[in-house]
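Trainee: I'd like to learn how to read a protein model, one feature at a time. Could we go through one together?

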Amino acid sequence: MKLLHTGDWHLGKKLFKHSRLDEQREFLDWIIHKIETDKIDALLMTGDLFDSPRPSDEALGLYFDFLSKFQERTSAMLYLISGNHDSGRFIEAPTPVLSADRFIVSGMLAPHNGPLCKTLKVNDEELEIVLLPYFRSIDLEQWSINHGPTDESSTLSALEALINSLPQSREGIPRLLMAHHLFGSFMPGGSEQGLYLSGLETIPLRLFKQKFDYLALGHIHAPQTLQKDSPIIHYPGSPLPFRFSEKNDKEVAIVHVEKGNVSLERIVLPIWRELVSLKANQTTLARVIQDQLEKTDFTHKFQPFWEIQCSISAPTAGLPDMARQLLDQTEIELLNFQTLLQDESENQSEAPRSRNTYSTENLFEAYYASRFPDNPEVPEKLRAAFLELLERGRRMNENS
Ligand SMILES: [Mn+2]
């Protein structure tokens with residue numbers, strides 16, 4: 001049995017107002033082709049299908065186009081959970097028109113039933129698949145109220161109770177969990193949003209020991225295996241780099257199930273479009289551009305997107321125009337030209353981004369403490385509301 005594990009498609013996500021739908025279409029076609037040629041039995045999509053809870057018509061059209069190709073050209077199953085960018089209701093909405101034998105979608109943690117558990121059977125091989133959609137602390141709280149005991153209701157113990165409430169797995173049948181959250185010690189890719197569960201920075205891996213054989217995770221955009229065995233814990237990452245600072249190497253994972261044994265194969269994806277980030281100053285700018293043009297591999301399906309960071313010693317007019325003129329004869333798009341005044345850029349290299357040192361959350365805590373010095377701890381509900389607002393603000397900012 002073979003499953004293809006991928007997530008964080010973020011259909012409709014833009015980069016400096018430029019659409020990525022062409023590249024996303026290439027990726028989706030690549031998936032269909034891979035399922036056909038490698039005889040994949042199931043596709044696991046681990047959340048952040050869309051970049052926003054109400055995706056654009058184009059992004060929605062792309063997804064429906066994919067679903068129709070998936071249905072016509074393959075006989076694979078599709079298991080889909082929501083991510084923090086998705087509206088759970090929205091991704092569940094098309095379910096009535098999808099064949100229930102092939103499409104299993106879980107958008108919201110049901111407060112009464114807990115996660116969906118399904119068995120996939122291919123020839124003599126069986127696999128249990130547990131679908132845990134993206135959840136907030138409040139969803140866990142709701143679940144935990146319905147399933148008591150409520151006296152010790154920390155997020156962690158509620159989550160532990162949720163995992164322990166799953167039906168016993170059958171002897172010799174491997175079990176896989178799909179989830180979209182921060183687990184263990186991960187390396188962020190740079191373009192994912194902060195997530196928040198009250199009292200819990202990341203979900204400890206020990207909860208899953210001896211309960212699962214594979215954790216199919218989404219949310220982190222840099223591909224990485226957190227644990228190689230018992231269970232295998234893996235983030236395949238996003239299929240495209242969403243920022244200039246992200247590395248180009250992107251992956252999907254193939255999960256092999258053979259005689260009850262589960263193993264992982266990591267597959268590097270083609271690059272459909274290169275993202276190139278260049279650094280120069282006003283005297284080297286023309287040379288840096290020429291050098292990069294000579295190095296450019298024009299065989300990629302789409303011409304590169306560029307950004308240039310140019311440090312200047314005094315305000316200088318016309319640099320972006322000069323850069324654009326040099327690119328005039330090519331199809332390269334210069335999406336971002338940033339000028340940094342010399343001392344400004346020096347400061348940046350010495351103290352990389354003070355806003356990272358003092359995150360918005362830290363600043364909020366400091367502000368709260370200054371307003372209410374007698375009771376300086378931010379109440380959990382207020383913090384959750386603040387972080388949710390922050391998430392929304394960031395998303396709006398990224399899409400504008
Ligand atoms: Mn996510």
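Mentor: On a 1 Å grid over the protein atoms alone, a cavity is a set of points where a 1.4 Å probe fits but cannot get out, and lining residues have an atom within 4 Å of a point. Grid points are joined across faces, edges and corners, and a volume is the space filled by probe spheres set on the points. Two notes before the case: this is a predicted model, where local features need pLDDT of at least 70 and side-chain atom pairs count only at pLDDT 80 or more, while totals for chains, interfaces and linings use all residues. Residues are numbered from 1 along each chain as its sequence is written, and side-chain values use heavy atoms, with hydrogens and water left out.

Trainee: How many cavities of 30 Å³ or more does a search of the whole structure find?

Mentor: Four. The largest cavity has a volume of about 50 Å³, and the residues lining it are His181, Leu182, Leu195, Tyr196, Leu197, Leu200, Glu201, Thr202 and Ile203.

Trainee: What is Ser137 in contact with, leaving aside its neighbours within four places in sequence?

Mentor: Contact means heavy atoms within 4.5 Å. By that rule Ser137 meets Thr155, Tyr196, Leu197 and Ser198, once neighbours within four places in sequence are set aside. Ser137 sits in helix α4, residues 137-147; helices (H or I, at least four residues) and strands (E, at least two) are DSSP runs, numbered from the N terminus.

Trainee: Is Ser137 buried or exposed?

Mentor: Buried means under 20% relative accessible area, exposed over 50%, and partly exposed in between, using a 1.4 Å probe and protein chains only. Ser137 counts as buried because its relative accessible area is 12%.

Trainee: Which residues have the most contacts inside the largest nonpolar core?

Mentor: The general idea is that in soluble globular proteins, nonpolar side chains tend to be buried together. A nonpolar core is a set of buried Ala, Val, Leu, Ile, Met, Phe, Trp, Tyr and Cys residues joined through side-chain atoms within 4.5 Å. Here the largest one has 36 residues, and Trp9, Leu11, Ile31, Leu43, Leu49, Phe66 and Phe70 have the most contacts inside it. Helix α1 (21-37) is one of the elements that give two or more residues to this core, and α1 gives the most, with seven residues. There's also a second, separate core of 29 residues, which includes Phe135, Ala158, Ala179 and Phe208.

Trainee: Where is Pro231 found?

Mentor: In the loop between β11 (224-227) and β12 (232-235). A cis peptide bond joins Ser230 and Pro231, with omega about -10°.

Trainee: Last one: how do strands β16 and β17 run?

Mentor: Two strands pair if DSSP finds at least two bridges between them. Eight bridges join β16 (residues 305-312) to β17 (residues 333-341), and the strands run parallel. Phe305 stands opposite Glu333 in β17.

Terms used:
On a 1 Å grid over the protein atoms alone, a cavity is a set of points where a 1.4 Å probe fits but cannot get out, and a pocket is an open set with protein on both sides within 12 Å along at least five of seven lines; lining residues have an atom within 4 Å of a point.
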